[in-house]
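This report describes selected features of one protein chain. The sequence and the model are shown below.

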Amino acid sequence: MSFSYRKTATYRLAQAAKAHRVRSGGHLSRIGLHPGQEFVLKALADTNGQTMSELANVLGVQPPTVTKMISRLAAHGLVERQSSETDGRLARVFLTDEGRSRIADVDKAWKRLEKEALSGIDDKDRKRLRKLLRVVEKNLAAAGGFTDAIDDEAEEAEEPAGA
């Protein structure tokens with residue numbers, strides 16, 4: 001009997017991630033964003049004025065990916081780059097007023113997505129699912145040597161709205 005990858009937890013996880021990305025794309029497109037851009041805005045809302053390297057680390061992506069994302073967000077007037085006053089080689093990224101105003105829309109979109117994704121799952125199972133997904137995330141990050149990208153603070157963060 002051959003290995004049935006469709007019966008693995010990681011296949012289900014990949015399918016859920018794909019469905020999540022498609023659905024989040026629908027919600028985000030209504031507010032003029034593409035999947036992934038909301039994470040940049042939220043990261044800057046948490047700590048405005050980060051460097052490209054800092055953003056890459058927070059987002060768990062490569063610097064060229066951040067550069068491309070920032071260029072697109074800047075073209076839409078949501079962020080701006082400013083050269084560092086102390087080091088001309090260093091640029092910091094800041095939310096614009098429009099970018100700051102988009103944060104509330106991002107939060108609403110994610111609350112809708114959370115509600116849709118977890119419909120029919122009670123609070124106890126939601127909490128358990130979050131914990132299990134954290135373990136999967138840590139395991140995969142460690143196997144790939146990306147433990148710096150793990151956001152340990154997210155584990156202690158408040159319960160998601162609508163959960």
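## Helix α6 and its ends

In this predicted model, Gly 145 follows α6 and has a positive phi, near 75°.

Arg 126, Arg 134 and Ala 141 are the buried residues of α6. Seen down the helix axis, the buried residues fall within an arc of 85°, so they line one face. The face turned away from this buried side carries Lys 124, Arg 128, Leu 140 and Ala 143, which are exposed. An α-helix has 3.6 residues a turn, so residues three or four places apart point the same way.

## The three-stranded sheet

The sheet is open and has three strands, in the order β1-β3-β2, with antiparallel pairing. The edge positions belong to β1 (50-51) and β2 (79-83); each has a single partner strand, so one side of each is left without a neighbour in the sheet.

β2 and β3 are joined by five bridges. Within this pairing, Val 79 has Leu 95 of β3 as its bridge partner, and Ser 83 stands opposite Ala 91 of β3. The antiparallel pairing of β1 with β3 rests on two bridges, and here Thr 51 stands opposite Arg 92 of β3.

## The nonpolar core

The largest nonpolar core has 21 residues, and Leu 33, Leu 41, Ile 70 and Val 79 touch the most other members. At least two residues of this core come from each of α2 (37-46), α3 (52-59), α4 (63-75), β3 (91-95) and α5 (97-117).

With residues up to four places away in sequence not counted, Ile 70 touches Val 40, Met 52, Leu 55, Val 79, Arg 81 and Val 93. Val 79, one of these contacts, is also the residue bridged to Leu 95 in the sheet.

Arg 81 is part of strand β2. Its relative accessibility is 40%, so Arg 81 counts as partly exposed. The side chain of Arg 81 makes a polar contact of 2.7 Å with the side chain of Ser 71. Leaving out residues up to four places away in sequence, the contacts of Arg 81 are Met 52, Thr 67, Ile 70, Ser 71, Arg 92 and Val 93. Gly 49 is 32 residues from Arg 81 along the chain, and their C-alpha atoms are separated by 8.6 Å.

Arg 102 lies in helix α5. Its relative accessibility is 13%, and the limit for a buried residue is under 20%, so Arg 102 counts as buried. Not counting residues up to four places away in sequence, Arg 102 touches Ile 31, Gly 32, Leu 33, Leu 41 and Leu 78. Among these contacts of Arg 102 are Leu 33 and Leu 41, both listed with the core residues that touch the most other members.

How values were computed. Residues numbered from 1 in each chain as written. Predicted model: local features only at pLDDT ≥ 70, side-chain atom pairs only at ≥ 80, totals over all residues. Heavy atoms only, no water. Buried < 20%, exposed > 50% of the residue type's maximum accessible area, 1.4 Å probe, protein only. Helix = DSSP H or I, 4+ residues; strand = E, 2+ residues; numbered from the N terminus. Arc of directions from axis to C-beta. Core = buried A, V, L, I, M, F, W, Y, C linked by side-chain atoms within 4.5 Å. Contact = heavy atoms within 4.5 Å. Pairing = 2+ DSSP bridges. Polar contact = N/O pair within 3.5 Å; in protein donor to acceptor, adjacent residues only side chain to side chain.
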